[in-house]
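Keep the sequence and the model open as you go.

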Amino acid sequence: MLSKIFSLAIILFLFLVSSIFSQEIDRNYLQVEEASAGNFFGVGARAMGMGGAQIATANDASGLVNNPARLAKVKRIEFSGGMTHQRLNNETGFIGNAQPLSSYYQNQSITQSNTRFSSANIVLPVPTYRGSLVFALGFNRMKSFDHAFHSTFIDPTTGTIDLDALALETGGINMWSFGGAIDLSPNISVGGAVNYWKGQDDYLQEYYVQPSTKLTSEIRERNRYLYDYSGWNAKLGFSVDASKFLSVGATIDFPTKFSIDQDFTFNYDSTDAISRDRVIIESEELGHYDLTHPYSFGAGAALNFKFVTLAGDVNFTDWSQLKPSARGGVDERLYKEIYQEVTRWHVGAEFNMPELATKLRIGFYADPIPFKSVYLKTDRRYFTLGAGFLIDQVMTLDVAWNHGINEFRDSFSQMIKESYTTDKFFVSLAYRL
Amino acid sequence: MGLILTITAIFAAGCYTVLSHPGVKGEEEQAYNGSYYREHCTDCHADYHQYPYGYYYGYSPEWYWNYPNYGHYYMYPWWWDWYYGQPSGGGTTVPSERLEKSRRSLQPPYVPGGQGINPPALTQPNTNQGQIPGTVEENKSQQPQPKEEKKVEKKDEKLPKNRR
């Protein structure tokens with residue numbers, strides 16, 4: 001079976017290779033990782049400086065992604081683009097100095113950095129006498145699969161590496177969008193977007209088992225999973241300026257039906273410790289399946305004071321409603337059992353300093369993983385900072401920094417950790433004619 | 001299907017947003033003679049001063065008046081540049097050659113690169129005879145007109161039609 005039911009190898013690996021655990025593997029420990037589920041990355045430096053809280057406050061091209069209705073607030077033709085840089089660090093090993101007598105993990109740290117072009121958008125307001133009619137076209141990087149893991153298992157009797165495991169994952173899903181917004185009343189706007197999703201996931205696992213005695217074999221294994229995603233969906237947004245001080249918004253993401261092509265290559269190379277016979281296995285398997293993402297619902301509110309805007313969003317998705325096609329080989333019941341309802345939430349603030357043509361931003365957001373995990377210790381949380389500069393009344397430069405953490409622990413001793421630290425940098429430049 | 005129905009319902013219900021002002025008979029023949037640039041607009045649109053960046057273009061922070069670079073970037077519609085140019089010396093002059101092509105948006109209160117113009121305190125329609133609005137051509141637009149305008153028209157339809 002090609003689908004990525006490899007027990008979220010990163011995590012389960014901790015469990016499988018550790019001799020200090022004695023439980024049987026049961027369904028509680030089974031993980032099904034579908035990369036396209038969740039993995040929110042964030043679009044736009046202004047948005048991500050405010051913790052991603054934009055459903056009621058977007059006032060630029062990022063509205064195409066965050067709430068299409070907010071496009072109605074754009075009064076000038078806007079060209080914008082952005083880049084992102086992500087630096088992910090993953091530390092594995094024992095917590096503290098405690099080590100079991102029989103065997104132990106060597107503390108490892110791996111860092112992966114990726115700089116990517118992340119967005120390009122055009123916003124075209126139509127001249128109106130009253131109200132607003134705005135269209136937009138854009139490309140935005142919506143999901144990131146960048147991830148790394150390295151773990152080393154030491155044989156205490158020899159002090160040599162017993163098993164070394166490496167996992168590298170890169171890629172993401174981009175979204176091409178066409179949308180528009182219109183004012184239904186002085187303070188009510190509605191908008192929509194049609195989105196084409198396209199992206200790739202490149203997941204590489206490498207294992208090396210070193211013979212600890214003369215009776216065991218040396219094994220090298222390399223698995224590579226390539227996924228090619230494409231799909232369509234639509235998004236509706238609503239925005240209401242209830243007063244000069246209060247804005248509210250809501251969004252509905254309609255289900256996305258992804259068509260997924262897979263290419264799995266397997267390389268196995270072992271040398272028998274006694275006979276020195278070598279076994280090499282190479283195989284490649286192609287596959288295809290469809291996967292339908294469920295509805296997502298978002299709501300947000302913003303308080304607009306003289307020089308300060310406070311904003312908050314919630315976004316709800318029931319990932320247990322992931323629906324694979326039968327030919328994918330993944331039992332839909334497995335998704336229902338393992339995936340769960342998730343509420344992502346964002347809060348942020350923006351402080352205007354017009355004398356300096358500068359805006360300062362701060363925010364926070366929680367992005368829970370979409371599946372149940374007995375290993376989860378700390379879910380994904382991000383602290384954000386940002387700044388925006390208005391240049392010569394026609395251009396804005398926005399920058400943002402997001403710092404996030406999350407951690408997994410073994411479910412038995414709570415002594416083995418897999419700790420992630422993520423830093424995301426966003427830069428956006430917009431020019432308004 | 002739900003999405004299509006929603007979009008259809010929005011447009012079928014009639015839309016608040018309109019692209020151009022309803023035609024005003026004889027307007028092009030009249031010189032603009034208000035004592036300030038929006039004087040006659042408020043004859044029909046009494047609440048216009050609530051929307052200093054255009055008629056019903058939404059709320060805007062008041063401090064934009066003191067920092068017109070923000071007003072220009074976030075609130076000043078690009079088509080005002082096109083139809084009204086980049087006015088100087090107060091921004092109260094409408095180029096006559098563009099009037100005919102105008103979308104008939106109310107004249108911009110904001111002067112790019114300069115100081116904002118504070119909206120006058122007038123909030124009620126002015127009913128002086130010399131400022132009575134013109135007749136609305138009903139066959140050109142379904143846009144409802146304020147009641148005040150209809151009352152004035154019944155008094156004297158031959159009065160100057162100089163409102164914009």
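**Exercise 1. The make-up of chain B**

What percentage of the 164 residues of chain B count as buried? Then describe the secondary structure of chain B.

*Solution.* Before starting, note that this is a predicted model, in which local features need pLDDT of at least 70, side-chain atom pairs count only at pLDDT 80 or more, and totals for chains, interfaces and linings use all residues. Residues are numbered from 1 along each chain as its sequence is written, while chains are lettered from A and ligands numbered from 1 in the order in which they are written.

Step 1. A residue is buried if 20 or more other C-beta atoms lie within 10 Å of its own, exposed if 12 or fewer, and partly exposed in between, with C-beta atoms placed from the backbone. By that rule, 34% of the 164 residues of chain B are buried.

Step 2. Helices (H or I, at least four residues) and strands (E, at least two) are DSSP runs, numbered from the N terminus. Chain B has 6 helices and 0 strands, giving the pattern α-α-α-α-α-α along the sequence.

Step 3. Two residues are in contact if their C-beta atoms, placed from the backbone, lie within 7 Å. Among contacts in chain B with a separation of 6 or more, 72% link residues 24 or more positions apart.

**Exercise 2. Confidence**

*Solution.* Step 1. Chain B has a mean pLDDT of 52, with 18% of its residues at 70 or more. Within chain B, helix H6 (residues 147–155) has the lowest mean, 35, and helix H3 (residues 68–74) the highest, 84. Over residues 85–164 of chain B, pLDDT stays under 50, and the model has 139 contacts beyond four places in sequence for this stretch.

Step 1. Chain A has a mean pLDDT of 84, and 87% of its residues reach 70 or more. Its lowest confidence falls in helix H1 (residues 9–16) of chain A, at a mean of 39, and its highest in strand E16 (residues 358–366) of chain A, at 96. Residues 1–29 of chain A lie below 50.

Step 2. For the complex, the predictor gives an ipTM of 0.82 and a pTM of 0.78.

**Exercise 3. Strand E6 of chain A**

Which strands pair with E6(A), and what does E6(A) give to the side of chain A that touches chain B?

*Solution.* Step 1. Two strands pair if DSSP finds at least two bridges between them. Strand E4 (residues 133–144) of chain A pairs with E6(A) in the antiparallel sense over 11 bridges; here A:Lys143 has A:Ile173 as its bridge partner.

Step 1. Strand E5 (residues 147–154) of chain A is joined to E6(A) by 8 antiparallel bridges, and A:His150 is partnered by A:Leu166. The hairpin of E5(A) and E6(A) has 6 residues between the strands, and A:Gly159 in the turn has a positive phi of about 75°.

Step 2. E6(A) also pairs with E7(A), antiparallel over 22 bridges, in a hairpin with 2 residues between the strands. On this side, A:Leu166 has A:Glu206 as its partner.

Step 3. Now turn to the interface, where 36 residues of chain A are in contact with 31 residues of chain B. E6(A) gives the most to the chain A side, with 4 residues. That side divides into 19 nonpolar, 8 polar and 9 charged residues. In this count Ala, Val, Leu, Ile, Met, Phe, Trp, Tyr, Cys and Pro are nonpolar, Asp, Glu, Lys and Arg charged, and the others, Gly among them, polar.

**Exercise 4. A residue in chain A**

Why does A:Leu64 count as buried?

*Solution.* Step 1. Locate A:Leu64 in helix H3 (residues 63–66) of chain A.

Step 1. A:Leu64 counts as buried because 36 other C-beta atoms lie within 10 Å.

Step 2. Leaving aside neighbours within four places in sequence, the contacts of A:Leu64 include A:Leu71, A:Ala136 and A:Ala193. The C-alpha atoms of A:Leu64 and A:Phe135 are separated by 9.2 Å, and these residues are 71 residues apart along the chain.

Methods
pLDDT = per-residue confidence, 0-100.
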